[in-house]
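Student: Could you walk me through one part of this model up close? I'd like to see how its pieces pack together.

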Amino acid sequence: MYSYVARQAILNVEEEIVGYELLFRDGVENAFPDICPDQATSQILTSNHLTKGLESITDGKCTYINFFDDTLINRFPTSLDPKNVVIEILESVEISEELLDACRALKKQGYRLALDDHNFDPVWDIFLPYIDTIKVDVRQFNILQISKYVRRIAGFGVKLLAEKVETREEFEQLKTLGFQYYQGYFFARPEVLKSKQIKANKLNLLQLISQASRKDMDIDKVSQILAQDVALSYKLLRFINSAGFNSSQKITSLKHAIVYMGEAEVKKFISLLALANLSGGKPDEIMVLSLARARFCSHIAQARGDDENPPMAFLVGMLSLVDALLDETMDTLATKLPVADEIKQGLIDQKGVLGLYLKLALNYEKAQWDEAETLSMAIRVPINDIHEFYQESLAWADKIRNGERS
């Protein structure tokens, strides 16, 4: 399964690329599909930010993303790092006090805001104290209209970005009016990028939506649902690893992640996934193997009486194949997750106690019986028990594949 996104360069007066605007696409054709703006934005976030990260698409440069009123009012941008993103407010949004409050709050949190395709309507003036950039479609207005508007808003200190610049003459003319940034076919056409995605199980997503709709969400039930879906678990951890959370907090289990986030943020995360309309049939073999490893590592930890390790062991197994799912090295992916150092060590080097559990799972998968017996002696769990754990874990993963619930 793949996702597609187009990026169009944004340049300064020296014609240097300073950022990219991300545009949703549903295939290699460079055209915007017929879906609602909120869904398009959510697809960009779930398919890119919550997998490899926006920085991998924009080469570490500033990211410009369109947001419609619902996603703004529900504070979806707060899953992004304010240092690396500009929130574009679409010109077609409905002006409201709620929207103004959302912009005020986002600005207070350090986010930069832009008015996209601004139509010069004075009704937007109340937003200008919170706006950093105004994007002007230079095909929509003549140079005199643009010049008059630039003079009118001169006191607000906003930066100007010219969209749809097509000729050198337009570029030079707009520079004299004080435009700092430029975007258009004269510089670069949108470039479609393709990336591999982790598929989420539709039934799991529907159950999460059901939980999010309750007044009092069942944390145990939510963590149980997440524990049966590697895609959702991975995206949850990526969601946590954002500017809105304390980066020093090291997650040790899915329940820990949910409690740490708080009910409001968990519901926001679920809403984001729901709006993006994540779909997909049964998990593929890599996902089933991830689930089996997670269950197996958890069994081993419990058998050894590790009070804290059962949930951490589960995460090690669950995340052990995300490199294969995303075609990226484990070293790179592990640095993007706010998990405990023991989990990272187990995933990257298969070292430490958690690494031994994972290595034992790999021994069973490869039928390396001598190595498995040596490890069983090292961790002091009888080989017969380990064999039963492995068989039960495979059966459990198959139940999940077939839509059953443990």
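**Packing around helix 9**

Tutor: Helix 8 (residues 230-240) packs against helix 9 at an angle of about 40°, with their axes 11 Å apart. That makes helix 8 oblique to helix 9, since angles under 35 degrees count as roughly parallel, over 145 as roughly antiparallel, 65 to 115 as roughly perpendicular and the rest as oblique. Axes are lines fitted to C-alpha atoms, over the stretch in contact, with angles running from 0 to 180 degrees between N-to-C directions. Helices are DSSP runs (H or I, at least four residues), numbered from the N terminus. This is a predicted model, in which local features need pLDDT of at least 70, side-chain atom pairs count only at pLDDT 80 or more, and totals for chains, interfaces and linings use all residues. Residues are numbered from 1 along each chain as its sequence is written, and side-chain values use heavy atoms, leaving out hydrogens and water.

The crossing of helix 8 and helix 9 is left-handed (the near helix is turned anticlockwise from the far one by less than a right angle; clockwise is right-handed). Helix 8 brings Ser 233, Leu 236, Phe 239 and Ile 240 into contact with Leu 254, Ala 257, Ile 258, Tyr 260 and Met 261 of helix 9, where contact means heavy atoms within 4.5 Å. These divide into 8 nonpolar, 1 polar and no charged (Ala, Val, Leu, Ile, Met, Phe, Trp, Tyr, Cys and Pro count as nonpolar, Asp, Glu, Lys and Arg as charged, and the others, Gly among them, as polar).

Now turn to helix 7 (residues 219-226), which packs with helix 9 (residues 254-261) at about 130°, their axes 9 Å apart. Helix 7 is therefore oblique to helix 9, and their crossing is right-handed.

Methods: Helices (H or I, at least four residues) and strands (E, at least two) are DSSP runs, numbered from the N terminus.
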